[in-house]
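Subject: Handing over a structure

Dear colleague,

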Amino acid sequence: MATLTPETLTTKNDLFEEQTPRVVSRSVTRGDKIFRSVCAAAAMVSLFIIGGTAIFLGVKSVPALQETGFKNFFTTSVWNPTVGEYGVLGLLIGTIVIASVALAVAVPLALGLALFINEYAPSRLRRFLTSSVDLLAAMPSIIFGMWGLFALQAPLSGVAAWFSLHLSAIPFFRLSEADAPLIRSSFITGAVVALMIVPIITSVSRDVMAQCPRSQCEAALGLGGSRWGMIKQVLLPFGRAGITGAVLLGFGRALGETIAVALLISFIVQANPLILEQGGGSIASLIAIKFPEAQEVEISALIAAGLALFAMTLVVNLGARAIVRRTQMAA
Amino acid sequence: MTTMYPSSAGAVTAGADATGSVPATSQPTPPPFTWQGELHGEDSTEQVALARAAPSASTSARLDATDVTCWFGKRKVLERCTLSMEPGQVTALIGPSGCGKSTFLRALNRMHELVPSAAIAGQIALDGVDIYSEAMSPTEVRSRIGMVFQKPNPFPSMSIADNVLAGLALSGISHPDPDALVEQCLSRAGLWAEVADRLNEGGMSLSGGQQQRLCIARALAVCPDVLLMDEPCSALDPISTRVIERTIRELCEEITIVIVTHNMQQAQRVSDNCAFFLVESLREPGRIVEAGPTKQIFSNPSDPRTYDYVTGQFG
Amino acid sequence: MTILTERLADGVTGNGETRNGDSRTTATEATDSSASSAPSGAGEAVVEQLRFRPRVLVSRDRKELMLSLASGLTGSAGMCLVFDWSHPLTYAIWALLIFLTASYLLARDSQSPVVAADRLVTTLVWTSGGIAVSALVWMLVYVAVQGFKGLRLEFLSSDLSKVGPLDDGGGALHAIIGTLQQMMIASVISIPIAILTAVYLHEIKGRLSGLVRFVIDAMSGLPSIVAGLFIYTIWVLRGNGPSGLAAGLALAILMIPTVTRTAEEMLKTIDDGLRESALALGAPQWRSVLQVVLPTARSGLITASILGVARAVGETAPVLLTAFGSSSVNLNPFVGPQSDLPLFIYQLLRQPNANQIARAWTGALVLVLLVLVLFVLARVIGEHGARVRGGSR
C-alpha cells in the first residue's frame, strides 16, 4: 500500500509553468464515421428537396414567362391559354384576401382556445380538448371543404347578409348589387380555412404561454387582480412574440391551402375585394382547377404560379419559425 | 469510532478454467470488515470467482493521475491534481460540492471530453499507459475503466439479463456463456438472489437500490480493471446504501475502485485511501489538498483545512 | 401551503360552474383576492380598496346570468323572425352576441368594470372552446350521417370502372388500394430519412445542423400542391408518367418535416444518463444510438411516424398532380395513373350529380375512419411507451 506523503502532493505553491490543454484525439471509429455519413446524407435529402424545388420549378416556368412576359405575369389578371396570356395578380391578391379572412376568424378563436385550455379548463377537460385540437389538425382538408360546401354555406351567408346590411360603411363588406349571391365567396372560404388553421395557432400559442413562469402569474393574482387582468398583464405580453409566430404560421398554412378553396369558392381570375360576394380565387386553387386539362405552356404557367406561391409561403414561414424558435430558446 | 480496514491489497481471486465455466470458491470466508450496523438476510459468504471474458480478464490496475488540469471553455475547474489510485483498493474522493471531484472522476475514463468545450492537461496512466495518448481510443479506455453514475439508469428497452450483457453487446463482443456471466455479475453486485427468477422482466421494474446494483452488475460484465463510482448511493435509501457499500468492499479485491462521495461516514466505511478536494474561493479551480490513507485523513490529517472538513466545520 | 397560496392555486386552475341551457357553457367565477397578506405597513387603505370577491355565485350573479341569457335567446329569436333567417347557426351567433353584451353591461353596473371585463373574457374563452369542439363534432357527425347511407360491402369491393354517373353501385376499392399503396411507399421513403435526420440534429449535432433545421422549417411550410408540382416536374414529366410511386414521393416530401420534428422532440425526452451509461460501457456512438437511444424512444418514434402518415393520407393536391386519378383498380403503383381516397372524393365532387356526390360522402366517411384509426393508434402506442419509459426520468 503506497502512502502518499505530503512531498508527493501538489500544493498551491507548486505552480511552475502554465499548463496548456492537450490535443485529445477523438479517434472516431470507422463505425462512427459511416454512421455520421449516413445521417448527414439523410439530412441532405431535405436540402436537395428545397433547393430542387426552387431550381426545377424555376427552370420549368421559363417558357410561359417568356410567352406572356415576366412583368405581365405578375401585374395582370388574366388566364387565357389559347392566346397565351397569363397573369396572376388577381390571384395573388385573392390568396392574401382569403388568408387574411381566415386569420381574422381564426386568431380570436385560437387564442381563446389556447387560453381556455391553459387557464380555464378543468383538468379532465384539458386532455380531451388537446386531443380534439390534435384531431382537428389531422383532419384532411377535403373533409373541411365538403363540410363547408354543404353544411356551412347557408348559415354563413346569413352572417354575410348581416355584415353587408349593417357594416357597409367598410368597403369590403359592400355588395356590387343588392341581391348578389352571398355563397361561394372569399368570406365563407376564409371562414372554413380558419377552422383548418386554428389547431396550429392554438398548439404553438399554448406551448409558448405554458412556459410563462407560474410565479409571475401568481404574483399578478396575488396583487388582487382578476384572471383576465393576470392574462392581460403577464401572460399575453410574455407570449407576445411566440403568439405572433404562431399566427404567422397559421397565415402561411392558409396561403397554401388548396382543396378547400378549390371546392368552396366560385373561381375567377380577377381580384374581388368584395369578400362577401361570390367569386374569388387563390394561386393554389388555380393550379388544382386548371391542371387536369392543361397543355404544355399552360402547365408551365401553372408551375410559375406555383413558384410564386412557394416564395410567398417560404418567406412567411421562415419568419414565423425564426420568431418561435427565438422565444423557445429564450424561455 | 474505529473501523477495521482490510489488510493489504488482496490477490485477485482467479479461478477460471479454459472453458470459461464458473467454479465457486469452496471455503466461506468471514466478512472482511466490521459493520457498524446490522445486516439482515444477506449471505455474506457468497463469493463467486470471475470467469474470463473476452478480450481480457479483469485484474485490478493502477491509475496514476499526474498534474491533471481541466477546463470547461475558459474556466479552469481543476488545477494540477496528482493522485495515485492503488490497485485492489478503494480510493474515495471527498470534499464539499463544486470542488471538481466529479470532473476529476470523469477525466479518468475520458468522459470529460464529451462536453464540447472541455479541455484537459496532464497525464492519466492506467498501469503506466497514458490513456489520452493517440494509441488508446476512448472506447477502449472506457471498456477498461468503467463507471457507475449517481442516478441509476438501467436501459429501459432491455430486460434485466440484457441489461447486464449490454456492455458486451454495445462493444460488439460476444460471450460463450452469457447466462453464466449474467449470474456471476449479478451475484457480485449482490442482486442475484432477488432477480434470479425474473431475468426477463424489464430493468425498470426494480427499486432504486436494485437498479443501481443492476448498473454495477452491468459495469462489471465488461470486466473493467477500474470501476469509477460517482456518488452511487446518494439517490438511495439507507438499506440499499449498505448493500452497495458491502458490494464495494467485496469487489475491491479484484477491481480498483474510485468513489466520489459526499458522505464522510461512507468514505470511512468503504475506502482505503482518501483524497480531499477543495476550492479556495469562488473563481478558483479545485485542488487536491491532501491525500492519504483514510485512517490517517480522518484521525490525523496534516492540513488544517482537511481537519476542518472532516470534523464538520464546513461542507 | 398557506391559505392564500391555496386560494391562488384554485383560482389559477379554474373553478367555475357550468350552465347547461344551450350548447354554450358559461363559467362565472370570481377570484379570491384577500389582501390579508399584504405587506405590513401597506395600511388599512389597501385592504379597503381590494374587494373580497366570493367564489360561489351569489344570487345577484345568478339573476344577472338569467337575465342575460333570457335577453340573448329572445332578442335573437326576434331578429331571426324579423329578418327571416332560418338557420340555427345564425340564431346561435346572435343569441351569443346579445348574451355577452347584456352580461357585460349588467356586471359593469352592479359591480366593477374589472369584474365585468373578467366575466366577459371568461365567457368568450369558454365559447371558443365550445366552438372548436362543436365544429369538430358537427363535421364528424355530418360526414358520418351523409356517408353512412352508401356504406355497403359493395362500396369497399368494387371500383368505378363499370358504373357511370347515373348508375347505382360501384365503389372505392381502387381508391382504397391506392391510398394504402401510396401510404406505404411514402412511409418507407420518408420515415427512415426523417428519423436519421432527427438523429443527425440531436445526437450527432453536426456542423450543418443549423442549416438543416432551417430547411426542415421551410419544408414544413411547403404547400402540398407545390410538393406535387415538384415531383411532377422531376419525375412525371421526364417520361415516367403518372403513378402511385410519384404520389408516394410527393407525400413523402410532406411527411419528412413533420416526422423529423416530432422525432427530434422524442429524442430530447431521452435522459442523457442513458447515453452516458452506454458510452461509459465502452460503446462507440453509433452503437449507443442504435442499441440504446432508438429502442428506448421506439414508441415515440412510432407515434411520430403514424402522425406523419395521418397527415399525408388526407392530402389531395399532390396526388392530383402526380397520380392523376383513375376509375379502375391499378395494382401496380409503379406504372399508370392511380387514384386514392381524397382524390376519389374530389373528382366526384366536381360533378354536380347526386349519385356522384353520395359516393363522395361515403368515400369521405371511409377516409375519416382511416384517419381516426391512425390517430387513436398513435395515441395508444404513445401512452404505452410513456408508461414503459416512465421510470427512466
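Two residues are said to be in contact if their C-beta atoms, placed from the backbone, lie within 7 Å. Leaving aside neighbours within four places in sequence, A:Ile201 is in contact, in that sense, with A:Ala106, A:Val107, A:Ala110, A:Ala246, A:Val247, A:Leu249 and A:Gly250.

Before going further, please note that this is a predicted model, in which local features need pLDDT of at least 70 and side-chain atom pairs count only at pLDDT 80 or more, while totals for chains, interfaces and linings use all residues. Residues are numbered from 1 along each chain as its sequence is written, and chains are lettered from A and ligands numbered from 1 in the order in which they are written.

The core

A residue is called buried if 20 or more other C-beta atoms lie within 10 Å of its own, exposed if 12 or fewer do, and partly exposed in between, with the C-beta atoms placed from the backbone. A nonpolar core is then a set of buried Ala, Val, Leu, Ile, Met, Phe, Trp, Tyr and Cys residues joined through C-beta atoms within 7 Å. The largest such core has 293 residues, of which A:Ile143, A:Val198, A:Ile201 and B:Phe276 touch the most other members. Helix 3 (residues 89-120) of chain A supplies the largest share of this core, 19 residues; helices (H or I, at least four residues) and strands (E, at least two) are DSSP runs, numbered from the N terminus. Domain 1 (3-146) and domain 2 (173-392) of chain C both give residues to this core, so it lies between them; the domain bounds come from an automatic or database domain assignment. A second, separate core has seven residues, including C:Leu69, C:Ala95, C:Ile98 and C:Phe99.

Chain B and its sheet

Chain B has eleven helices and ten strands, and 53% of its 315 residues count as buried. Among its contacts between residues at least 6 apart in sequence, 72% join residues at least 24 apart.

Six strands of chain B form an open sheet in the order 6-7-8-3-9-10, with mixed pairing, where two strands count as paired if DSSP finds at least two bridges between them. Strand 6 and strand 10 (287-293) of chain B stand at the edges with a single partner strand each, so one side of each is left without a neighbour in the sheet. The twist averages 15° from one strand to the next, based on axes that are lines fitted to C-alpha atoms (for helices over the stretch in contact), with angles running from 0 to 180 degrees between N-to-C directions.

Which part of this sheet is largely enclosed by the rest of the structure? In strand 7 (residues 226-230) of chain B, five of the five residues are buried, so this strand is the one largely enclosed. In a regular strand the side chains alternate between the two faces of the sheet. Both faces of strand 7 of chain B are covered, with B:Val226, B:Leu228 and B:Asp230 buried on one side and B:Leu227 and B:Met229 buried on the other.

Strand 7 of chain B pairs with strand 6 (residues 145-148) in the parallel sense over four bridges; B:Gly146 stands opposite B:Leu227, and the bridge partner of B:Val148 is B:Met229. Five bridges join strand 7 of chain B to strand 8 (residues 256-260), again in parallel, and here B:Leu228 stands opposite B:Val258. Strand 7, helix 8 (residues 238-251) and strand 8 of chain B make a right-handed β-α-β unit, meaning that, with the strands pointing away from the viewer, the path from the first strand over the helix to the second runs clockwise.

Chains A and C

In chain A, strand 1 (residues 77-80) and strand 2 (residues 85-88) pair in the antiparallel sense over four bridges, and A:Gly87 is the bridge partner of A:Val78. These strands form a hairpin with four residues between them, and A:Gly84 in the turn has a positive phi of about 80°.

A:Ala322 belongs to helix 11 (residues 296-330) of chain A and counts as partly exposed because it has 13 C-beta neighbours inside 10 Å.

Chain C has 16 helices and zero strands, and buried residues make up 51% of its 393 residues.

With kind regards
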